[in-house]
Amino acid sequence: MKKILQTISLFLVCLGIQAQDNTEAKEMKNAFAASFGLPGLGIEYARKLSPKLSARLAWHSAQLINLRAEDIEIKDDKVDVLANASVSIIDLGIEYNPFKNSSFKLTTGIGFLSNVNTNLVVTYTEDVKVGDVIITKNDVGEIVADVTWSGIAPYVGIGFGRAIPKKRFGFGFELGTYYTSSPDVVLTASNLLAPTASQEENLQESLSSFKFIPRIQIRLAYKF
């Protein structure tokens with residue numbers, strides 16, 4: 001009888017260990033997510049490293065084409081502005097959930113700015129009168145400003161919603177910023193506005209403080 005009880009006890013212990021192993025084996029540690037906001041639409045893969053830590057790989061992309069603003073007053077003149085912008089950023093980061101029963105999170109990582117560009121074309125809305133001489137807006141010319149951020153940019157953020165949700169689906173919100181180097185500026189101008197291109201260095205200096213790119217994202221994650 002003693003041997004039978006020992007055998008049963010050993011069997012139950014083995015079942016318990018196996019059940020634990022099966023539970024661990026079935027734990028879902030991966031997730032795909034889709035996001036929208038700034039810096040654009042994104043797709044993401046996340047992997048759970050520990051109960052409080054997850055690794056994330058994401059790609060964000062956005063494009064703005066031919067956005068026009070008309071009749072903008074600059075001193076006594078009116079100009080039209082045609083804007084185009086494109087964004088492509090690859091993120092590699094870590095998410096930390098400090099509280100067991102809360103989805104509050106801290107995020108950090110680096111962003112690879114493969115394409116972050118803004119292009120502005122400024123033209124006069126009307127003909128320009130200089131004394132008794134009228135110069136057509138086509139003869140006045142245009143100013144083109146091309147501003148580009150590139151390189152590697154660290155980022156930090158806070159939010160709610162785990163990278164690996166507790167349930168199959170999960171929502172999340174994140175607010176943060178990239179910290180980049182100063183943008184590169186190329187300024188060109190045509191016709192009578194051609195001398196304006198000499199202000200490229202001044203424009204570069206005035207934009208030197210634009211080193212922050214916002215991260216404002218709403219996420220939908222799927223755990224598998």
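This is a predicted model: local features need pLDDT of at least 70, side-chain atom pairs count only at pLDDT 80 or more; totals for chains, interfaces and linings use all residues.
Visitor: Quick one to start: is Tyr155 buried or exposed, and what about Tyr178?
Guide: Tyr155 is buried, and Tyr178 is buried as well. Buried means under 20% relative accessible area, exposed means over 50%, and partly exposed is in between, using a 1.4 Å probe and protein chains only.

Visitor: How many aromatic pairs does the structure hold?
Guide: Seven. Rings of Phe, Tyr and Trp (its six-membered ring) pair if their centres lie within 6.5 Å; planes under 30 degrees apart are stacked, over 60 edge-to-face, and the rest tilted. One of the pairs is Phe104 with Phe160, which is edge-to-face at 5.5 Å centre to centre and 65° between the planes.

Visitor: Where in the chain are Phe104 and Phe160?
Guide: In distant parts: Phe104 is in strand 5 (residues 104–124) and Phe160 in strand 8 (residues 142–160), 56 residues apart. Strands (E, at least two residues) are DSSP runs, numbered from the N terminus.

Visitor: Why does Phe160 count as partly exposed?
Guide: Because its relative accessibility is 47%.

Visitor: Back to the tyrosines. Why is the pair of Tyr155 and Tyr178 edge-to-face?
Guide: Their ring centres are 5.5 Å apart and their planes are at 65°, so the pair is edge-to-face. Tyr155 lies in strand 8 and Tyr178 in strand 9 (residues 169–179), so this pair ties together parts 23 residues apart in sequence.

Visitor: What sits over the ring of Tyr155?
Guide: The charged end of Arg215, 4.0 Å from the ring centre. "Over" here means that NZ of Lys or CZ of Arg is within 6 Å of the ring centre and within 35 degrees of the ring normal.

Visitor: New topic: which peptide bond is cis?
Guide: The one from Leu38 to Pro39, with omega near 15°. Pro39 lies in the loop between strand 1 (30–38) and strand 2 (41–50). Most peptide bonds are trans, and most residues other than glycine have a negative phi.

Visitor: What is phi of Asn66?
Guide: Near 50°, a positive value in a residue that isn't glycine. Asn66 is in strand 3 (residues 53–74). Asp71, not a glycine either, has a positive phi of about 55°, and Asp71 is found in strand 3.

Technical notes
Residues are numbered from 1 along each chain as its sequence is written. Side-chain values use heavy atoms; hydrogens and water are left out. Helices (H or I, at least four residues) and strands (E, at least two) are DSSP runs, numbered from the N terminus.
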